Amino acid sequence: MQYYDVVLSGFGGQGILLAGDVLAQAAMLDGKHVTWMPSYGVEMRGGAASCTVVVSAERIGSPFADEPCCLFSMSKPSLFKFQDKVKKGGLLIVNTSFVDADLVTRKDVDKICFPASEIAYQEVGEYKMANMVMLGALIRAGAVMSLEKTEAAMREIFGGSKKKALPGMLKAVRCGYQYVDQESGVRIREL
Amino acid sequence: MHMKEQRMMHGSIALAEGAITAGCRYYFGYPITPQNEIPEHLSARLPEVGGVFIQAESEIASINMLLGAAAAGARAMTSSSGPGISLMQEGLSYMAGSELPAVVVNITRLGPGLGGIAACQGDYWQATRGGGHGDYRLIVLAPNSVQEMHDLAIKAFELADQYRNPALILADAILGQMKEPVSFAEPKIKIPAKPWALTGAAGRSPQLIKSLYLADGEMEKHNWRMHEKYRRLQEKECLVEQDLEEHMDILLVSFGSCSRMVNSAVALARSQGYKVGHIRPISLFPFPEAAIRDVSQRVGKVLTVEMNTGQMWDDVRLSAYPGSQCRLMARPGGAIPAPKQILEEIKKFLKVGDLLAKSVR
């Protein structure tokens with residue numbers, strides 16, 4: 001993996017920026033160059049939220065993604081806003097618990113459209129872990145980060161008072177990762 | 001990359017931590033987006049290290065508190081954005097005239113007026129031309145990464161003390177809000193003695209710090225002395241990053257967050273066979289005139305890329321070797337030039353330049 005840029009997007013409160021944080025932390029632990037850039041404006045809970053994470057083997061110039069390798073979408077507005085920007089042959093990961101799969105119109109990209117919130121509820125008992133299920137799918141299908149490094153990053157980020165959320169978070173990421181292997185049908189690229 | 005322990009961190013927090021490492025123990029400020037992470041962080045951190053955090057009643061109060069702390073010999077800082085920095089200009093002019101060292105951070109907004117909170121470089125003129133009234137300069141440093149937000153905060157305190165002059169860090173919401181890995185400097189900070197400081201006159205005669213000079217010829221002498229200081233800064237303290245090749249057809253110049261997009265554009269251009277160089281002024285005052293003059297003499301075509309309508313372009317044109325072709329790619333108002341758009345400008349400039357050369361022949 002020489003260069004990978006991903007736009008993570010959805011509503012404020014869905015843990016979009018946090019999912020980006022985990023990926024960025026994992027990339028740093030992996031010895032990669034990395035930038036984490038939030039959308040910045042009059043954001044609020046329930047409004048639009050997105051961040052761009054760039055992971056690279058070399059020094060990073062722009063922290064923005066004009067044609068991202070991957071879009072991670074947890075809301076209709078974010079799908080509409082970013083879907084056409086994804087690079088040809090790139091990857092779309094969509095949480096169909098929030099977004100009707102019919103709205104995903106791109107034909108020239110790999111697609112993982114799956115009910116991440118329902119999976120999070122069934123497997124971990126928390127709808128709000130959907131962001132971590134999505135992240136698990138992203139690192140596997142995008143071949144952007146190992147599960148081990150992602151878990152190590154989560155142990156660092158969810159320390160202290162957040163530690164009680166950690167087992168559920170870890171399980172959620174593994175569920176997303178395994179979904180790609182077992183059910184998504186997309187071609188798995190190794191790291 | 002594994003030399004030192006790294007942490008993922010916002011640029012604003014990295015800057016605040018750099019200030020603490022530099023020995024800054026006093027912060028005065030008034031809230032304004034997009035720089036609130038700096039006072040938020042320092043309000044927690046400064047009491048931990050025996051420092052003082054004051055949320056002042058206004059920016060005018062903040063800058064005058066800063067003047068007082070600097071006059072007492074302390075390392076002190078304020079931060080604000082656009083309109084807040086405008087309010088501080090009177091105090092900054094007094095500090096420059098009184099030769100008081102301190103650090104001011106401008107995480108810029110759009111403008112003029114209330115503008116907006118997106119990233120923009122429209123405060124270049126205000127920062128580099130003094131900003132307030134009178135014949136003075138600020139030391140101006142422009143980071144382009146989270147690591148530099150940290151490192152240049154320390155550098156700003158060092159230069160301010162060394163030259164007895166206020167230093168300003170010019171950044172924007174991209175640099176403040178972005179997270180990147182950062183490794184912290186070893187805290188081996190030496191704060192120079194300040195025999196001029198107002199520390200109470202016990203055991204010595206009273207001292208005066210002022211910017212009022214009424215006697216015949218006194219003010220001119222003071223102005224020339226400060227001018228000599230700015231000349232020394234120009235001679236010794238220029239900070240610049242140069243990414244050059246042996247043969248170049250075009251030189252790009254950019255600073256701050258904008259230089260990150262230019263870095264990508266340079267890589268893209270080179271991958272397509274274009275011979276491109278890039279100079280990034282890190283100190284905006286002193287401006288790295290010599291580097292731009294020398295390289296433009298070899299290259300001939302200079303493209304300045306800025307997130308305003310063309311401000312650093314003035315300094316580039318003043319510095320470029322006489323006869324150089326100087327063009328501008330400008331995106332004001334929160335627009336960010338995409339690397340592909342910059343590449344298009346490079347191609348256009350090379351083409352137009354060739355046409356000009358042919359018509360001259």
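Helices α1(B) and α7(B) are roughly parallel to each other, because angles under 35 degrees count as such and these two cross at roughly 25°. Keep in mind that this is a predicted model.

Some detail on that pair. Helix α1 of chain B covers residues 11–21, and helix α7 of chain B covers residues 146–163. Their axes come within 7 Å. The crossing of α1(B) past α7(B) is right-handed.

Who makes the contact? From α1(B): Gly11(B), Ala14(B), Leu15(B), Glu17(B), Gly18(B), Ala19(B) and Thr21(B). From α7(B): Val146(B), Met149(B), His150(B), Asp151(B), Ala153(B) and Ile154(B). By type, the contact of α1(B) with α7(B) splits into 7 nonpolar, 4 polar and 2 charged residues.

Now the sheet. Chain B has an open sheet of 7 strands, with mixed pairing. Read across, the order is β3-β2-β4-β5-β7-β6-β12. The edges are β3, residues 52–55, and β12, residues 283–285, of chain B. Each has a single partner strand, so one side of each lacks a neighbour in the sheet. On average, neighbouring strands here are turned by 20° against each other, direction ignored.

Let's zoom in on the β3 end. Strand β2 of chain B, residues 26–29, runs parallel to β3(B), and 4 bridges join the two. One position to look at: Gly29(B) stands opposite Gln55(B) in β3(B).

A helix packs on this sheet as well: α3 of chain B, residues 59–71. Helix α3 touches β2, β3 and β4 of chain B. Strand β4 covers 76–80, and the direction of α3 makes about 160° with that of β4(B).

Notes:
Residues are numbered from 1 along each chain as its sequence is written. Chains are lettered from A and ligands numbered from 1 in the order in which they are written. This is a predicted model: local features need pLDDT of at least 70, side-chain atom pairs count only at pLDDT 80 or more; totals for chains, interfaces and linings use all residues. Two strands pair if DSSP finds at least two bridges between them. Axes are lines fitted to C-alpha atoms, for helices over the stretch in contact, and angles run from 0 to 180 degrees between N-to-C directions. Two residues are in contact if their C-beta atoms, placed from the backbone, lie within 7 Å. Angles under 35 degrees count as roughly parallel, over 145 as roughly antiparallel, 65 to 115 as roughly perpendicular and the rest as oblique. A crossing is left-handed if the near helix is turned anticlockwise from the far one by less than a right angle, and right-handed if clockwise. Ala, Val, Leu, Ile, Met, Phe, Trp, Tyr, Cys and Pro count as nonpolar, Asp, Glu, Lys and Arg as charged, and the others, Gly among them, as polar.
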